[in-house]
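This briefing is intended for a reader who is new to the structure shown below. Please keep the sequence and the model in view while reading.

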Amino acid sequence: MNLSIKVEIKTLPGSEGLELPRRMSELASGYDLYASVTEPMTLEPGSRALVPTGIALAMPAGLEAQIRPRSGLAFKHGITCLNTPGTIDADYRGEIKVLLINLGQDPFVINRGERIAQMVFQTVPDTDLIQVEELSETVRGAGGFGHTGTK
């Protein structure tokens, strides 16, 4: 199934010369986001920073963009995103920024144009929350963290 949804993208001042978000393979679900920094930014171990991407989006109602870590940065350098996945709502029109944290042991330098995260689009159903006195029963019930086993 190939569902095509149109999303408008605007490049912001300071992002000249940067690539637009793109999928790195035909079947990839994530669009890589690029750092729109004016000079290299060093992320020390244990520190976090909001990294600009130089883009803004206009998505139709019923769509969201999720900002997720890049597995290569996480594995090789311990760089990941906080509040993962970050949610970009359909009515947000500001610059998309990525909240990165360095969980590695070495400083990490973020250079202009570096791929820093990925953006995945998801549909959001129109959901009606209905308050009730009792919920339907299930085998699991209210079992929470670790309830289904530790294997």
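Ser71 is found in helix H1 (residues 71-77), where helices (H or I, at least four residues) and strands (E, at least two) are DSSP runs numbered from the N terminus. The model is a predicted one, in which local features need pLDDT of at least 70, side-chain atom pairs count only at pLDDT 80 or more, and totals for chains, interfaces and linings use all residues. Residues are numbered from 1 along each chain as its sequence is written, and side-chain values use heavy atoms, with hydrogens and water left out.

**Helix H1 and the annotated positions**

- Ser71 counts as exposed because its relative accessibility is 60%; the classes are buried (under 20% relative accessible area), exposed (over 50%) and partly exposed (in between), with a 1.4 Å probe and protein chains only.
- Gly72 is also found in helix H1, and at 26% relative accessibility Gly72 counts as partly exposed.
- An unreviewed UniProt entry carries the annotation "binding site" for Arg70, Ser71, Gly72, Asn83, Thr87, Ile88 and Asp89.
- These annotated residues are spread over 20 residues of sequence and are also spread in space, up to 26.3 Å between C-alpha atoms.
- UniProt positions are given in the numbering used here, feature names are shortened, and annotations may be inferred rather than shown by experiment.

**The loop between E7 and E8**

- Asn83 lies in the loop between E7 and E8, and with 53% relative accessibility Asn83 counts as exposed.
- Although Asn83 is not a glycine, it has a positive phi of about 45°.
- Pro85 lies in the loop between strand E7 (79-81) and E8.
- Thr84 and Pro85 are joined by a cis peptide bond, with omega about -5°.
- As background to both features, most residues other than glycine have a negative phi, and most peptide bonds are trans.

**Strand E6 and its partners**

- Strand E6 (residues 63-68) is largely enclosed by the rest of the structure, because 5 of its 6 residues are buried.
- E6 and E11 pair in the antiparallel sense over 6 bridges; two strands pair if DSSP finds at least two bridges between them.
- Within this pairing, Arg68 stands opposite Gln118 in E11, and the bridge partner of Gln66 in E11 is Val120.
- E6 is also joined by 3 bridges to strand E8 (residues 86-88), and the two run antiparallel.
- In E8, Thr87 stands opposite Gln66; Thr87 is also one of the residues under the "binding site" annotation from UniProt.

**Strands E2 and E11 and the aromatic pair**

- E2 and E11 pair in the antiparallel sense over 4 bridges, and Tyr34 stands opposite Arg115 in E11.
- The count comes to 1 aromatic pair, by the rule that rings of Phe, Tyr and Trp (its six-membered ring) pair if their centres lie within 6.5 Å, with planes under 30 degrees apart counted as stacked, over 60 as edge-to-face and the rest as tilted.
- The pair is edge-to-face because the rings of Tyr31 and Phe121 have their centres 5.6 Å apart and their planes at 80°.
- Tyr31 lies in strand E2 (residues 31-34) and Phe121 in strand E11, so the pair ties together parts that are 90 residues apart in sequence.
- Tyr31 is partly exposed, with a relative accessible area of 27%, and Phe121 is partly exposed as well, at 23%.

**The largest pocket**

- The largest pocket holds about 740 Å³ of space.
- On a 1 Å grid over the protein atoms alone, a pocket is an open set of points, where a 1.4 Å probe fits, with protein on both sides within 12 Å along at least five of seven lines, and lining residues have an atom within 4 Å of a point.
- Grid points are joined across faces, edges and corners, and a volume is the space filled by probe spheres set on the points.
- The lining has 21 residues, of which Leu3, Ile5, Arg23, Tyr31 and Phe121 lie nearest the centre of the pocket.
- Strand E11 (residues 115-123) gives the most to this lining, with 5 residues.
- The lining divides into 15 nonpolar, 5 polar and 1 charged residues; Ala, Val, Leu, Ile, Met, Phe, Trp, Tyr, Cys and Pro count as nonpolar, Asp, Glu, Lys and Arg as charged, and the others, Gly among them, as polar.

**The segment after E11**

- Glu134 is placed in the segment after E11 and counts as exposed at 66% relative accessibility.
- The C-alpha atoms of Glu134 and Val37 are separated by 52 Å, and the two residues are 97 residues apart along the chain.
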